[in-house]
Each structure stands twice: as structure tokens, then as C-alpha cells.
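Me: I would like to go through this structure by asking what each label rests on. Please set each value against its cut-off.

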Amino acid sequence: MSLYDFAKGLVLEAGNKVRIMMKEELNIETKSNPNDLVTNVDKATENYIYDAITHSYPEHRVIGEEGHGHDLTHVEGVVWVVDPIDGTLNFVHQKENFAISIGIYRNGKPYAGFVYDVMKDVLYHAKVGEGAFENKHPLSTIESTTLKKSLIGINPNWVTKPKMGPIFQDIVNDARSCRAYGSAALEIISVAKGQLAAYITPRLQPWDFAGGLIVLNEVGGVASNLLGEPLNISSANSVLVGNSNIHKEILEIYLAPNTATLIDLHQRFKK
């Protein structure tokens with residue numbers, strides 16, 4: 001069995017276990033703030049994925065949201081970047097609209113990505129150079145659009161912030177409209193499917209975007225941080241993803257004139 005097929009089977013089985021555990025009472029805890037939740041299902045799912053990987057591939061390493069691999073100092077070899085439940089607030093409050101996200105990287109370069117919409121039983125997956133798929137159906141190359149004719153994804157909370165708010169308000173005002181789905185992985189997939197033209201956020205962890213970006217790249221999408229710099233799996237970053245035209249438009253017209261503010265934002269992230 002290839003690594004790609006192993007990973008595909010693993011994420012599907014992890015999703016099946018999530019659906020079973022959801023029938024039991026949730027144990028909900030807070031992390032960095034009252035809205036940053038983690039449940040026993042998050043932890044159990046990450047442990048299941050970690051144990052399966054290390055059993056079959058003991059030389060591989062895992063970076064997981066709920067604790068595994070946070071002390072990694074390099075990305076040499078094969079690294080799995082795992083978010084066991086991306087969209088935990090949706091998981092707790094809605095019992096849907098969340099995903100399992102896995103990105104596999106070899107020596108820091110993408111190999112394969114998986115985003116599993118658990119409750120819809122839809123797996124988005126891609127192996128670099130071989131296209132992207134929704135279950136067994138190929139995803140088409142996404143079309144370029146302009147901001148004024150596009151839906152974009154952005155959390156409305158960011159528009160209220162004193163420093164980032166004015167920058168994002170201009171983007172929101174000029175877009176056709178905006179949406180917020182509460183799962184970064186699924187929002188990146190929405191861009192890959194052409195349902196959103198762009199998704200923008202001031203900060204994501206690698207496990208939030210690692211899997212989705214590989215799918216996005218296979219359909220012609222473009223990703224960077226808000227300064228136009230490449231993303232990597234070793235640190236948190238701001239994120240701008242979109243079709244090629246709207247990515248360039250947002251970056252050059254709306255973000256570049258605010259470089260000083262954005263540099264300050266990134267410096268604060270590193271503290």
C-alpha cells in the first residue's frame with residue numbers, strides 16, 4: 001500500500017470514529033481563551049491518527065494541534081501535519097461543518113493533502129502533480145475573478161479589530177459579499193472548488209492550512225501570507241488564498257499599501 005492510500009484510509013477511519021464518539025457525552029475544555037475549545041474527541045482523534053502513523057511508519061514525525069510535535073525544530077524527512085477537528089466551535093455547537101485535515105510533507109515540500117468533511121462524508125484529497133479530487137471526482141482548475149464580482153471568506157471578528165479592521169473593511173466593502181464558515185480547512189477547500197474566490201485571515205497555525213493548501217495548489221490556487229511571502233509548516237502565519245487574479249488584486253491594491261501595519265502584526269505573532 002502506498003503512503004497516499006494509507007493516509008486516505010486513515011483519515012476516513014478517523015472520521016468514522018469521530019461519528020461514533022459524537023454519540024457520547026462531550027468533555028469540553030478551553031485553551032488560550034474561552035472561545036478556543038478542545039474536546040475529548042479532538043484529543044482521541046489525534047491520538048488515534050498519531051498511533052496509526054507511528055505504528056506503520058515509525059520514522060515519520062507528526063505535528064498535531066493537540067500537542068504532538070510542537071517541539072519539532074526541523075522538517076526533514078516525512079512530516080504529517082494533523083488537525084483532528086478543524087472547526088471545533090462548529091463541532092460543539094452545530095455537530096457539522098468541521099473537518100479532519102492532514103498534510104504530508106517530505107523535507108518541507110508538500111506530498112499529499114487531505115481534508116475530510118466528516119458529517120457530509122466527503123474527502124478532498126490531492127497528491128502533488130496528480131490533481132485534486134472530491135471523493136473520486138476530479139476538481140477543475142479554478143477560474144480567475146475580480147474582487148467586486150466575488151464572494152470571499154473572512155471572519156467578521158477581524159473587521160472589528162483596531163489595526164486590521166480598517167484594512168479588511170476596504171476589502172469587504174469592495175467584494176460582492178463575504179462568508180464565514182468557521183473551519184479554515186473547509187474555507188480553503190471552498191476556494192479550491194470555486195465557491196469562494198478568496199479566503200483571508202491574520203493568523204492560522206500550520207495544521208489549519210497544511211492539508212487544504214495542497215488541494216488548492218493542484219487546481220491552480222495561490223497562497224501566501226498577507227505580505228506575499230510563502231507559507232511553511234514550521235510556524236503560524238497570516239494567510240491569503242485565492243484564484244490567481246484575486247490573490248494578486250488583494251495583495252497589491254489592499255495589503256501592500258499597509259505593509260508597515262502587517263509587518264508589525266507578524267512581529268507580534270512571533271513573541
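Reply: Domain bounds here come from an automatic or database domain assignment. On that basis the protein is divided into domain 1 (3-138) and domain 2 (147-268). The model is predicted: local features need pLDDT of at least 70 and side-chain atom pairs count only at pLDDT 80 or more, while totals for chains, interfaces and linings use all residues. Residues are numbered from 1 along each chain as its sequence is written, and side-chain values use heavy atoms, with hydrogens and water left out.

Me: How far apart are the centres of domain 1 and domain 2?

Reply: The centres are separated by 22 Å, taken over C-alpha atoms. The contact takes 37 residues from domain 1 and 20 residues from domain 2. Contact means heavy atoms within 4.5 Å.

Me: Which residues does UniProt list for "binding site"?

Reply: The unreviewed UniProt entry lists E65, D83, I85, D86 and D208. They spread over 144 residues of sequence, yet cluster in space, with a largest C-alpha distance of 9.6 Å. UniProt positions are in the numbering used here, feature names are shortened, and annotations may be inferred rather than shown by experiment.

Me: What makes the D86 and S183 pair a polar contact?

Reply: A polar contact is a pair of N or O atoms within 3.5 Å; within protein, one must be able to donate a hydrogen and the other to accept it, and residues adjacent in sequence count only if both atoms are side-chain atoms. The side chains of D86 and S183 are joined at 2.6 Å.

Me: Is D208 buried or exposed, and how do you know?

Reply: D208 has 12% relative accessibility, so D208 counts as buried. D208 lies in helix α7 (residues 206-218). The side chain of D208 reaches the backbone nitrogen of Q205 at 2.9 Å. Leaving aside neighbours within four places in sequence, D208 is in contact with D83, D86, A184, A185 and I188.

Me: How many aromatic pairs does the structure hold?

Reply: The structure holds 4 aromatic pairs. Rings of Phe, Tyr and Trp (its six-membered ring) pair if their centres lie within 6.5 Å; planes under 30 degrees apart count as stacked, over 60 as edge-to-face and the rest as tilted.

Me: What are the centre distance and plane angle for F6 and W80?

Reply: The ring centres of F6 and W80 are 6.1 Å apart and the planes are at 90 degrees, so the pair is edge-to-face. F6 lies in helix α1 (residues 3-21) and W80 in strand β4, so the pair ties together parts that are 74 residues apart in sequence. F6 is buried at 14%, and W80 counts as buried at 0%. Ring pairs link F6, Y57 and W80 into a cluster.

Key
Helix = DSSP H or I, 4+ residues; strand = E, 2+ residues; numbered from the N terminus. Buried < 20%, exposed > 50% of the residue type's maximum accessible area, 1.4 Å probe, protein only.
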